[in-house]
2 protein chains.
Amino acid sequence: MSNPLPVLDVTATPCCAPLTRSPIGESDAERVAAMFKALGDPVRLRLFSNVASAEGGEACVCDIQDVGVSQPTVSHHLKKLREAGLLESERRGSWVYYRLAPSALRVMSDLLSPVST
Amino acid sequence: MSNPLPVLDVTATPCCAPLTRSPIGESDAERVAAMFKALGDPVRLRLFSNVASAEGGEACVCDIQDVGVSQPTVSHHLKKLREAGLLESERRGSWVYYRLAPSALRVMSDLLSPVST
DNA sequence: ACGCTGTTTCGATGGTTGTCGATGTCGACA
DNA sequence: TGTCGACATCGACAACCATCGAAACAGCGT
């Protein structure tokens, strides 16, 4: 568990300049699009927000799974969020806790930052 | 043209608090996810960045369509970006110019802003 | 060892999406 | 009016995806 498929290692590269600064390159676009795509589903967005706004910065699946779909579907979406590098998970006892990946938010926020100056 | 399908009127509501602040609601999630989804494709992300980084804040299709797919596909993706409320278009003479929707960037950036405080 | 609860994986299915070539539309310019 | 160039739409197809129920897996308590 914990991070079986870190397809995107967000922490590795701060990644590219803001989208407004210069045209994003082909390979960067691939990596970044995967992150936005992960947030491009209402269920995943709510799960992400549930984790992001949780007390102590983390939450177990049982605390966030009330999003209107079956439990296996919740697990499926959490896996997608993990693979996109947005969430990390860790098993403690019976429960699996999810927290934000360290720099995920900043990377995306920076990419979308309006004109800067 | 210009905006045949403003499915999401971004300018209307500043929309919800940052995702880290409180769990996003069901209907807000629907609207916001559509925006992220639009950026969740490498081709669309490059088109968006090409427009966003263009001189004068706008560009005609002919200037940004070099993203490795056919012309109909480019047009298809630009339509998606329009429908998501991220881009606006306007015909002037022979050419169609695209520019960023006014508050699109700020809305998304704010949603992803890390912990504020 | 057994059952219980929380979580993930599996297999199937219906719907969505990215892509293309062909065709249509609109404006410019002879 | 006719043609050309810039974009958009249409129709089709393959690939992908969200969702579910069923089954497997992992700890915990008894």
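Begin with helix 4 of chain B, which gives the most to the surface near DNA strand C, with five residues; here a residue is near a strand if one of its heavy atoms lies within 4 Å of it, and helices are DSSP runs (H or I, at least four residues; strands E, at least two), numbered from the N terminus. This is a predicted model in which local features need pLDDT of at least 70 and side-chain atom pairs pLDDT 80 or more, while totals for chains, interfaces and linings use all residues. Residues are numbered from 1 along each chain as its sequence is written, chains are lettered from A and ligands numbered from 1 in the order written, and side-chain values use heavy atoms, without hydrogens and water.

Next, select DNA strand C: 25 residues surround it, the closest being Gln71(A), Lys37(B), Ser70(B), Thr73(B) and His77(B).

Then select DNA strand D, where the closest residues are Lys37(A), Arg44(A), Ser70(A), Thr73(A) and His77(A). Helix 4 of chain A supplies the largest share of the surface, five residues.

Finally, turn to chain B beside DNA strand D. A backbone N or O atom of Cys62(B) lies 3.1 Å from a phosphate oxygen, and a polar side-chain atom of Ser75(B) lies 3.0 Å from one.

Terms used:
Polar contact = N/O pair within 3.5 Å; in protein donor to acceptor, adjacent residues only side chain to side chain.
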